[in-house]
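Thanks for coming. I will go through one protein today, starting with its charged pairs and ending with its surface. Please look at the sequence and the structure first.

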Amino acid sequence: MTTPDTVRPAPRAFWADARFLLGIALIIASVAGVWLVVASARQTGPVFAAARTIVPGQTVTADDLRVVDVALGSAGETYVSPASLQPGVIATRTILEGELVPQAAVDDADAATTTTIVIRTSGDVSASVVAGSVVEVWAAPAEDGGTFGEPRILVPSATVVSVTRDDAVVSGTDVSLEIVIPRADVAESLAALADGANMSVVPVAGEAQ
């Protein structure tokens with residue numbers, strides 16, 4: 001009696017094993033990628049936020065800032081940090097209290113295009129005018145007989161540093177404002193002050209405080 005040959009299974013193709021291993025590798029890579037993204041999102045770094053409103057032209061020091069830990073990823077390099085703050089830098093724009101300080105908002109003092117002056121207004125100013133407000137400065141030239149001419153805009157855009165009210169004066173509320181103005185407007189502004197012009201400020205509509 002003849003015994004049939006035992007049927008042996010065909011050997012498994014190598015490419016099938018390779019496909020299985022490749023699938024495992026892709027799964028591992030996917031899981032690792034997700035883990036890296038989540039871990040990166042959770043990483044925080046120290047950057048500076050404004051401890052108070054900082055106006056253009058003001059020297060920025062550590063006293064004006066506070067350190068906060070935030071998750072910014074690669075964008076963290078665009079903000080001022082304890083490691084990147086250079087001594088003597090000035091603000092190039094208004095930085096509101098609590099705002100993270102961008103690198104683009106500070107520069108060397110030599111790059112300053114603004115300066116500060118103090119003016120005294122002829123009356124009270126709007127309660128909305130506070131540090132950081134953007135205002136127009138108007139001036140009415142003094143004329144003979146104690147009168148004043150027609151007012152005109154002296155500085156179209158000035159940033160308020162501080163507002164001081166003195167209610168003790170006899171004539172009513174006396175208000176002085178320290179303002180940041182472009183250097184190009186300094187000469188005319190000082191001339192108006194020296195000539196006794198009647199000064200007023202008007203908030204610029206639409207500007208954020």
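Let me begin with a term: a salt bridge is a side-chain nitrogen of Lys or Arg within 4 Å of a carboxyl oxygen of Asp or Glu. Side chains of opposite charge can pair when their charged atoms come close.

Before the examples, a word on the source. This is a predicted model, where local features need pLDDT of at least 70, side-chain atom pairs count only at pLDDT 80 or more, and totals for chains, interfaces and linings use all residues. Residues are numbered from 1 along each chain as its sequence is written, and side-chain values use heavy atoms, with hydrogens and water left out.

How many salt bridges does a search of the whole structure find? It finds four. In one of them, Glu-99 pairs with Arg-93, and the closest N and O atoms are 2.8 Å apart.

Now I need words for cover. Buried means under 20% relative accessible area, exposed means over 50%, and partly exposed is in between, with a 1.4 Å probe and protein chains only. Glu-99 is partly exposed because its relative accessible area is 24%. Arg-93 has 33%, so Arg-93 is partly exposed as well.

Next, Arg-165 forms a salt bridge with Asp-124, with 2.9 Å between the closest N and O atoms. This pair links distant parts of the chain, 41 residues apart: Arg-165 is in strand S7, and Asp-124 is in the loop between S5 and strand S6 (134-140). Helices here (H or I, at least four residues) and strands (E, at least two) are DSSP runs, numbered from the N terminus.

Arg-152 and Glu-188 also meet in a salt bridge, at 2.8 Å from N to O. They too connect distant parts of the chain, Arg-152 in strand S7 and Glu-188 in helix H2, 36 residues apart. Arg-152 counts as partly exposed because its relative accessibility is 41%. Glu-188, at 39%, is therefore partly exposed too.

That brings us to helix H2, residues 186-194. Which of its residues are buried? Val-186, Ser-189 and Ala-192 are. They lie on the same side of H2 because they cover an arc of only 130° around the axis, the arc being that of the directions from the helix axis to the C-beta atoms. On the other side of H2, Ala-187 and Ala-194 are exposed.

What do the buried residues of H2 pack against? They pack against strands S5 (114-121), S7 (152-166), S8 (174-182) and S9 (198-203), where contact means heavy atoms within 4.5 Å. After H2 comes Gly-196, with a positive phi near 75°.

Now the strands. Two strands pair if DSSP finds at least two bridges between them. S5 and S8 run antiparallel and are joined by eight bridges; Ile-119 stands opposite Leu-177 in S8. S7 also pairs with S8 in the antiparallel sense, over seven bridges, and Thr-159 stands opposite Val-180 in S8. Of the nine residues in S8, seven are buried.

For the protein overall, the count is two helices and nine strands. Along the sequence the pattern reads α-β-β-β-β-β-β-β-β-α-β. The protein has 209 residues, and 27% of them are buried.

Last, the surface. The protein exposes about 13200 Å², and carbon and sulfur atoms supply 58% of that; areas come from the Shrake-Rupley method with a 1.4 Å probe, and for residues only the protein chains shown count as cover. That is all I have.
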